[in-house]
Structure formats: C-alpha cells, structure tokens
Amino acid sequence: MNRRQFLKNGGITLALPFLGSLLSRRAEAQAMAEPKKRFVTFFNPNGVIPAAWYPTAGPDERTFTVNASHQAMVPFKDKIIWTSGIDMKSSKAGPGERHQTGMGTLLTGKPLLPGSFVGGDGSLAGWGSGISVDQRIAQHIGASTPFGSIELGVRASGAEVRHRLSYLGAAQALPPENDPRAAFDRLFAGMGSAPEEVRRIRRQRKSVLDAVMDQFGTLDARLGREDKDKLVNHLDLVRDIERRIVVNGPGTATCAVPTQPEVMAPDNEETMEAIADAQIGILAVALNCDLTRVATLQFSNAENHIRMPWLSSFGDGHGLSHAGPSSPVEAGEIMKRDHWYATQYAKLLGLLDAQREGDRSVLDNSIVFWGNELSVGATHSHVDMPFIIAGSAGGYFRTGRYLEFDHVSHVNMLLSFLHAMGMEEETTFGDPEFCDGPLAGLH
Amino acid sequence: MPGTRMGSFVGKVLASTVVGLATICAGCLAQPGEPNELPRPPVVIPIIPGKLICEHPEMPATAFTPSRLMTRFEYDNTVRDLLGLPASMTPSSGFPAENRVNGFDNNAVAHVVSPLLVTNYIDAAEALSALALTSNRAALVPCDPAVITPNACGRQVIARLVPRAFRRPATPEETTALERFFDQALIDDDFDTAVRLVVQAILQSPQFLYRLEPGDPSVPGGQLMPLIGYPLAARLSYFLWGSGPDDLLLAAVADGSLDTTEGYRLQVQRMIADRRTRAAVRHFHTQWIETEKLATVTKDVRTFPDYDPALRASWAESVGRFVDDAYWNGGGLSAFLNDPGVWVDGPLARSLGYPAPPNGEWKKMDRDPTIYAGILTQPGIMAALALPNQGSPIRRGVFVRERLLCQTMPLPPPDVPTMPPDPAPNLTTRERFKAHTAAEYCRGCHVRIDPIGFALESFDGLGRFRATEAGKTIDVSGELRFLRDASAEGTIDGAVGLANKLAALPEVSDCVAKQWFRYAIGREVQTADNCSLVNVETAFVDSHGDFEVMLAAIAETDAFRYRVVGAGP
C-alpha cells in the first residue's frame, strides 16, 4: 500500500459511513444531551520559534491573526484557543534540568522525584512524582470504553524521564506505542471477525485473566510492602483489562475496520512521516469509534536527536533548538518543523471534526491539547509555554480566541481540563502550591 | 555457609570514601536570565568517583532489592527455554522498552508494568501457547487425554510446567487454582484449548513474571538474611543466563547442594561455562557499550554515498564477536582494550576495504597494532559514537568518561549552542571544534571530553581508518586528565595511546566491575554494597582482568547471597 494511502482509507473515507451503525438513534439523542468527552494530548519537544508561533493580537481576543507556523490550522481557527503567558512553575521545585522537569511536570503538574538521571545543572532527577492529568481524566471518563487510554508515539523512543509524558502514579511512567502496526493490532484485533468468534475469544481471554487474578491471590503473604505495592499495581491493571472485556456486548465490528498499516521500521527518519500519518489515522479512528476517550500522541522526546530529511532539515533537532531564534539558519529549520507539527495537529483535528456526533463533531466534544516541554530551546525556558487547546469539550471552553495570560501556572490549566471533562468538584491538581484554581477565562 | 553470619548487621551502614572529587564543570552552569525566574544554584555532584574502601569485611551487608520483573531479554529466553522454542524467536519484540537507569534495562525499581505491557503479555501468551502446543506438543503434554482422561492429563500438564515456570515447586493453592481453571475450561472447550488457556494463565502469573523473594516470619523487615534455595537459583540464572534455572540447577536446590559453598561454586562454574552466559554477556554489552544504538543509527548518504544499511547489523555482530573473544578466549580486559583485530562479514569487509569472506561467513582480520587497539577502534563503536555526517569527538569523549571511567558528565546547559559544526572542506574536526575549548564558557566540561575524542579522530563516521581530513594530516594527539589518580594523567597519542593508558588505569578495571555489578544486582549501588563491590573490583584486578573470575566473584558477594527483608505489610 502506498504510505500515504493509509490515512485516506483508514481515516477519513471509512470513518464517515460507520457512524450511523455505531450509534443508534437513541444513543445519538443521548449524545446530543450529554456529549461523550475526549481528552487528547499532542506533544512535540524542544520549544518553538516564538516569532512565527504566537498570533498577532487584535482589538479583542476573538480578533487575531494566526502566525506563519500555524497556517495549516486556520480552517479550525474557530475551534482553537491559542494561549500565551502560561508558565510551567511547578518544574522548579524539585531536581532536574529543564528537559527532564519539563517532561515530568507538563501533565503531572508536580516536580520530579529525586533519582539518578543526570541533568545539565548536575542535579540528579528521577521520574515524575504523580498521576498525569490524562490518566486522572481516564479514571473518570475512560471506564466504559475498551481501552482506558492509549499512548501512541512517533519516534518517541528512549525510556527515561526525558522520554515520558504520562504517569499512572509517582514513577509509573507509561510507554507509548511507536509501531503503528502493533497499535493497530492491539486496538482493532478481532474487528471483522464473526460475532460468535469474537464472543469466544473474549470469553476465553476473560477466563484466563480471572485465572491470573487467582494466581495473584495465592501469593506469599510474607512479601514486603514494596513488593506487595508493585504486585497490587500489576493486579489492578489486569483487573482493569478484564473488566473491559464485555463478552456479550456489541462487537466492535460495528465500527468499520480501517486498513492495517504496512510494517515500517520504527525510530527511523525514512519512515517517520509515514508513521506519523498512520498513528494519526489510528488515533482518530480509535476516538471516533469510542474505543477510547483519552489518548496521547507523542512526537520524538526531549532528547530529540532526529533529522527531518523530507523537510530538508538535516540538523540534529536538539542541536537546532540550542541555537534557537538568534541563529537564522537553525531557526529556519525549527520553523519548518513547527510548521510540519502544526500540519500533523491540523490533520488530527480534521479527522475528529469530520465525525459528527449529535449536533456537534467529535472534535467539538474533545480537548486536543498541544504541549511542549520547553517554550524556547535556546533558553530552555518554561516561561510563556506554547500551549494550544483545540475543541471545546462539548461547549465547556469558549474557543476561537487568543488568550494572553499574565504568567499563570500551567497547573491551573490542568485543573481546567479536569473541570472541562466533567470533574468540576476537583479543587486542585498536581502540586497544590502551583494550583490556585482553574484558569480564568477558558470556561 | 552464609547463614551463620546472618543477623542484625543492617543499620550499621559502612562508612565509605566515595566522596571523590566533588568538582563541577565550572563555567557550564550559568542560567539564562528570564523574567519571573530566579537562577537555580548549581548542584554539586561527584564527577570522579573515588576508590571504594570496604571498612568492615567481616560484617555481611547489602541493601534492599525489590522484586524484579522480567525484561524483554529475560522474557524471550525464559519462554524459549520453558516451552522448547527456537532461539530465533523473540516474542517480546513488540513490548515497550524498559525504563532505563544507568543505561541498563533491568533496574528493579524502574522496570514496572504498564497497561501496554500487560496487554502485550496477553497477546504473547496467546501466541506462545498455540505455538508450543503445535510445535512442541510432546514436551508440553506428557500424556494422552484419550487414555487417562482429559482432566487427569491436564493435571500432568500443570504439574510438569508450573515448577519450571515458577522456578520452584508449586504450592497446593497455586496448583488447585490452576486445576480448577483447567477443569472449567474443559467444560467450555476442548482439551487442546484448555491446555492453551492454562499455559496462558501460567505465563501471565506474577510467580512467572517476577522474581519474588519472600521473607521469613522470624526475620523482621529491614533485616539481613541469607538468600538460599530457589530464589538464589533464580538470581544466579537470571544474572548469568537471563533465563530461568535449568533442571540441573533446580535439582541442586532440591538436594540441598546449592546451599553448600562447594555446591554453589560448582553450579556457578558450570553456568558460566554454558553457552547461555555468552548470550547474556553480549546483551550486557549492547547496553553498557551502547551497541543497541546501532539498530537505529542514521548515516547521511550525502556524506557517505556508499553507506550500506546492512552495516547496522554487521557492526553490532562484529562487536559481539569481538566481545566473545575477550571473554571466552582468555584475552580478558587487556584484549578488550588492546586487541587490534576486527571481525568482518561481507558488508563490513567491503566498508573497511578488506576482501569479503564468503556470503554469510565471518572472518577475524589482524590489523596493524600501531593503528588499532581494542574496543574503541571497533568500527561498530566508532560508528555508533558519531553523527550522521561525521564522527563525534564529543560522543566519543563522553563515552570514555561515562562508560569506561564511570564518571558523570552533565548535559550541556541550555544557553550553549550544541549544533555540531558541519564538515567544512578546509577544516579538520579538531579545527572546527576548537571553539569548545577556546571559549571560557565551554571549557569547564569540554576539556574533559574533546581531548579524548580528538585521539580517536583517525576513525570516521563509519568507523573507518583515515589518515587525513580536509586534505590535512589528522592530528591525533590528546590528553587524558581528570582521573582518580592525578599521577596517571598525561598526554596520549591517538587511539593506541589512549587504549594503552586506559588499560593501565585501575579505575577502568574498577569501572568495568562496577557496571557488571550494577547490572547483576539490578538496582543502584548503595553504601551498604561497598564491600561487595570492592570484592569484585579486587578479584578482577588480581586476576588481571579475567571476566570469568569477575562474574564468579559477583555471585559470591553479600549483595548477591543476602537479601534485606522488605518492610512489613
């Protein structure tokens, strides 16, 4: 298959016809009354070139000009909130240099644990110290779907604090799936099979997991507390998967089966563009089909030693970012990358917006948050983060605006995400020292 | 017998002299001025570790080790050995990478399950159970269900598989639960399906996936106790083989011989001599000397038009064979650091300009010992420590500091440009990188890095020898300073000079011992491990760098033979 074809086949053209069968009229009516909300995090690393990033403000927050890097997002301008003036203050309380703290605090709103990762300032940092906002949201809105959340990556390789965004809890970093083929098989396995075959597989799998849980139950009572905690975490995951297997429920076959992506070498510059295409297509179908309501799509990682030859950007990504805005050649390469990431973001928005759900689209019912671990690579700053929010969470956020904040803590924004997802009773998130209420003006 | 020394020694943590030189890379620590931000004070860490001293060798001591979850390498080896599957099978290839600490994948604290991994376990167990039943049925099913009834035959399947899967005899509760599950499966499905399902349950059980070391009701949490029996056997087999104990090792536990000094040493020697140790040694090196990076290394075809992507695999295998020689052909650490030879297959021979061996075959080439010496002149290492369009004195210098000297190098600070200068027609690498050590701001760190990397400038981005660059003779003079022993510091002449100097440094030998020790115990080395590590260092130096002696010495340490009982419920 042509590497560009996957998205076309799997994403847009197939996504449209199955909606009717996916939702009964009753469900549709329900969807109108109470939108199915989704929370998506889109990530790329090492900061941006601000001069081509931030909109030019107009006389009011609805009148602004989208900047060069974001031209691909113009069709969705009314459904996006651009921000400036949000700082990641919570990164400063603990150990670590800014790549580490930026990754670890972006979604957790907490400083890092102490550990053994060496930072640029010589400090020794550990993992993130608490649950990330996407996983907190998944606990709330992800219970009824086959997958509580899915974490996808595009060359999001590596396995230490600079490479991870999502956390189930302190030091429990979630790895992303970087292989579209594996992601596809995991999400869409069994689709297209006969209903009785699907039922049989589910019944057997459920029975095996029950037996596995029984084996957990026989474990030696003499294990220490640390080991018990570790095993309980494992058991909880098994239980969660077991609980989601609905043996006699409607087969996922009602959701049109996208085309299986071809085998592609992961973590490779020659396949990166095609992998991005495939992962975005898979993610969109998974959200549109309601296989999951919480997802992360992570491009690269804070080390970011990647080139983008298809953009004629042959510099090492991390090196380019250190040079930054004052070096025109490097800045030019970063802007090309910023523009490419914005195009990927827009592609995802388009796929979600094409899916109707009641009188709204899936995008309307979602938050698609675009984050970064730095604001500007050359300074490794956590001031004025380049955060963008698309979708209104079913009308909860007022979109189509450019909001200029006065150095507010990004943890307030994370709390706003909780509220937007239906958790308005929550009064704080992450480290309470950096959270004094939801971000004013979003709602 | 360690049991006689068991007791209340934990808490009397040994004083040590790990202080080292608590220097920082002066000049690399300024933070950019930004609105609303205060500069953070630099944190001082010991960059050059001092010589460890064991102050109380008579007192057994170690630190707590959490239960350990199988890594992908261990999972693959274990299921292959357990189910009799071919060595080419890597059922964990789609599992997420383990969280890394100190470069190693087996850290007991960091390597934990995720939802993705638990799903992967389900998928792998389903595939493996079906495969084992079709390809190796006789080993799995020792009976005929038509003759002795399906239920009775199922009991035999369970009785045969569980002790090897759980690495100890099953408890009655474990057996009963599995038999009940099997009987229920027989009601819903046929015999073969029931076997597959029970195999899946076993492969996802915590007793299989984790090495669990239960405490003893008479020993309070935090106390030291000798590790004996089945858990000790599992520590040994996963350290040396990255797999479960074989039948001989389990038998040595059952007859009590493993818990005698002589019986333990016999098993250690037998296991080191086994081929499975070779695979585990190679696996260790893919992480310690970072050859795993070769799998995804990028080379720019504009700079290297004849670059053959098949080289990625050839480089890695070539280094693997070189490591094999040092470990198993008597060469030891000195061969590792000084052997000028290189293993080549077709693609690598063509890249290096040697006659290619017949397709698929490997040949070891002798090379000029005035140009080549040891691991640092292996093309796979030099190609991994390089950029797409050039070599990298920075990566090479940092590699020597971190991986061979066990020193700690901070990351470059934010406001320092880290773009490597592009190759220029009239400049050598040394000339292009001069700014690093010329600018006061960069010197603090780069005087430690670049003068090592420059000595390796004879090797280009594909690890090939070159005498000239940009039309000029390459200057390979360098320096090795900032060492534990200042009297050993001095200038070096090229790769051979560097290798000779490193081979003469006790801290290199100690560093190799420390990297292995870290890997073996699967956690951070603590002060309470000082005597253990010192013993390994001493055994390695005294044996003139004999790797087998060092591996055996690790198996003799308190850190290996004792455990600290976990905290209470």
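Guide: Nine of the nine residues of helix α4 (residues 98-106) of chain A are buried, so α4(A) is largely enclosed by the rest of the structure. Buried here means 20 or more other C-beta atoms within 10 Å of a residue's own, with C-beta atoms placed from the backbone. Helices are DSSP runs of H or I with at least four residues, strands are E runs of at least two, and both are numbered from the N terminus. This is a predicted model, where local features need pLDDT of at least 70 and side-chain atom pairs count only at pLDDT 80 or more, while totals for chains, interfaces and linings use all residues. Residues are numbered from 1 along each chain as its sequence is written, and chains are lettered from A and ligands numbered from 1 in the order in which they are written.

Visitor: Switching to chain B. At what angle do α2(B) and α7(B) pack?

Guide: Helix α2 (residues 115-135) and helix α7 (residues 191-203) of chain B pack at about 130 degrees, with axes 9 Å apart. Axes are lines fitted to C-alpha atoms, for helices over the stretch in contact, and angles run from 0 to 180 degrees between N-to-C directions. The pair is therefore oblique, the label for whatever is left after under 35 degrees (roughly parallel), over 145 (roughly antiparallel) and 65 to 115 (roughly perpendicular).

Visitor: And which residues of α2(B) and α7(B) make the contact?

Guide: Including L128(B) and L133(B) from α2(B), and V195(B) and V199(B) from α7(B). Contact means C-beta atoms, placed from the backbone, within 7 Å. By class, that contact has eight nonpolar, two polar and three charged residues. Ala, Val, Leu, Ile, Met, Phe, Trp, Tyr, Cys and Pro count as nonpolar, Asp, Glu, Lys and Arg as charged, and the others, Gly among them, as polar.

Visitor: How does α5(B) pack with α7(B)?

Guide: Helix α5 (residues 150-166) of chain B packs with α7(B) at about 25 degrees, axes 11 Å apart. That makes α5(B) roughly parallel to α7(B). V195(B) and V199(B) are among the α7(B) residues in this contact, which has twelve nonpolar, one polar and no charged residues.

Visitor: Into which domains is chain B divided?

Guide: Domain 1 (69-211), domain 2 (227-273) and domain 3 (278-384), with bounds from an automatic or database domain assignment.

Conventions:
Contact = placed C-beta atoms within 7 Å. Buried ≥ 20, exposed ≤ 12 C-beta atoms within 10 Å, placed from the backbone.
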